Amino acid sequence: MIVLWLAIVIIFIIVATAKLKWHPFLVLILSAFLVALFYQVPIATVPKTIAEGFGNILGYIGLVIVFGTIIGLILEKTGAAIVMAETVIKLLGERFPTLTMSIVGAVVSIPVFCDSGFVILNSLKESLANRLKVSNVAMSVALATGLYSTHTFVPPTPGPIAAAGNLGLETNLGLVIGMGLLVSVVAVTAGWLWSQRFLTAIPEADNPFMSTDKAAVMQAREQYGQLPSATMAFLPIIVPIILICLASIVAFPSKPLGSGLLAQLLGFVGHPLSALLIGLFLSFLLIKGNNKSQLISDSIAEGLTVAAPILLITGAGGAFGAMLKATSVGTYLGETLSSLGLGILMPFIVSAALKTAQGSTTVALVTTSALVAPMLGQIGMDSDMGRVLCVMAIGAGAMTVSHANDSYFWVVSQFSRMSVPQAYKAHTVATGIQGVVSMVFIWLLSIILL
């Protein structure tokens with residue numbers, strides 16, 4: 001019955017989000033109550049467990065999500081994302097346009113949501129494809145898969161941050177970032193190689209609102225006014241990542257930087273909360289105008305609006321996970337799955353099933369990490385590296401696959417002028433390949449590192 005009850009809860013999550021279109025926040029909170037009911041958790045402890053689970057995860061990671069979201073929004077609104085993309089193109093040249101487009105996507109999507117990133121970079125992609133006589137379909141797949149890679153694997157994107165928080169890695173994000181970047185290289189490469197199949201493909205759908213000439217790029221640039229320099233564009237994201245990674249080095253058991261004032265200072269500024277706060281203030285330098293203080297306040301307000309649903313889903317995932325931890329389901333499933341030898345494949349399978357069924361990468365990351373957290377010990381993933389690889393496995397599942405129930409699918413297909421069947425062949429298959437290839441790589445890493 002233990003497995004049956006859990007299966008019913010998972011089916012409820014899928015049906016409620018995918019078919020009934022209920023908000024994931026409500027679905028996850030209700031799922032926590034269902035878990036309490038099915039597993040006969042003492043009724044007096046249920047509200048407290050849910051409230052503590054909700055509050056604990058946001059206490060660890062909530063402000064980090066808010067700061068990261070506001071930074072991404074400012075980079076988008078000030079044109080810094082365009083500058084970052086053009087800088088990468090200048091560095092890499094135009095000899096391998098699809099590979100360049102993949103790398104551009106991977107860089108921009110670290111601070112910016114992948115669907116927003118695709119919209120921002122679409123004019124640039126169209127112009128480059130037109131100038132270099134490369135298929136728009138191939139360039140679109142390359143850009144979409146590049147954006148998708150870092151979106152699912154690399155903090156400060158909210159999904160990976162939330163998953164890391166659920167698995168107890170909120171103070172070790174440097175390791176998550178490092179591993180996420182490594183796995184992203186594999187995911188980007190897989191997506192880029194698939195895009196090469198479409199070098200002669202022609203978009204099958206007409207969209208009169210999409211222009212492919214250079215004037216479209218110039219118009220897109222002009223709407224931002226004076227664009228920032230490349231240095232200023234990269235600072236808000238590069239500085240926090242460097243600080244977080246330095247703090248992770250300080251925390252190594254071997255104490256490579258000692259335990260003196262320097263180590264303490266690096267540990268403080270490299271805490272994800274401090275590092276992203278520094279990045280936030282650096283992003284304020286990108287905002288220009290006569291009434292800068294008001295513009296900054298408006299950006300923060302808009303960022304809070306964007307972050308609110310993510311925070312609610314993350315908190316609800318924490319409540320769901322706390323309720324699961326209060327039952328015996330984690331121990332039972334962990335022991336059962338251990339006997340099957342699934343190990344790190346289990347988080348991938350669960351995440352892929354959730355993603356494919358209900359469409360949201362963030363929901364798949366949050367829900368799966370909450371579900372897996374109680375059974376890390378039983379599946380042999382309770383070390384720091386095991387937890388990091390578990391986050392990666394969940395991320396690989398959360399990109400498998402993007403199809404019609406995913407808003408990103410429609411952004412890519414419509415802005416690329418692909419018909420739905422063509423988008424399935426190009427984009428959906430690409431995300432499936434990315435997820436599976438990434439998971440194989442993660443599995444090999446687990447053999448080596450664990």
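Biologist: What should I know about the model before reading it?

Modeller: The model is predicted: local features need pLDDT of at least 70, side-chain atom pairs count only at pLDDT 80 or more, and totals for chains, interfaces and linings use all residues. Residues are numbered from 1 along each chain as its sequence is written, and side-chain values use heavy atoms, with hydrogens and water left out.

Biologist: Is Ala398 buried or exposed?

Modeller: Buried means under 20% relative accessible area, exposed over 50%, and partly exposed in between (1.4 Å probe, protein chains only). Ala398 has a relative accessible area of 0% and is therefore buried. Ala398 lies in helix 18 (residues 384–398); helices are DSSP runs of H or I with at least four residues, numbered from the N terminus.

Biologist: Which residues is Ala398 in contact with, leaving aside its neighbours within four places in sequence?

Modeller: Contact means heavy atoms within 4.5 Å. For Ala398 these residues are Tyr148, Ser351, Lys355, Thr361, Ala364 and Leu365. Lys355 is 43 residues away from Ala398 in sequence, yet their C-alpha atoms are 5.3 Å apart in space.

Technical notes:
Helix = DSSP H or I, 4+ residues; strand = E, 2+ residues; numbered from the N terminus.
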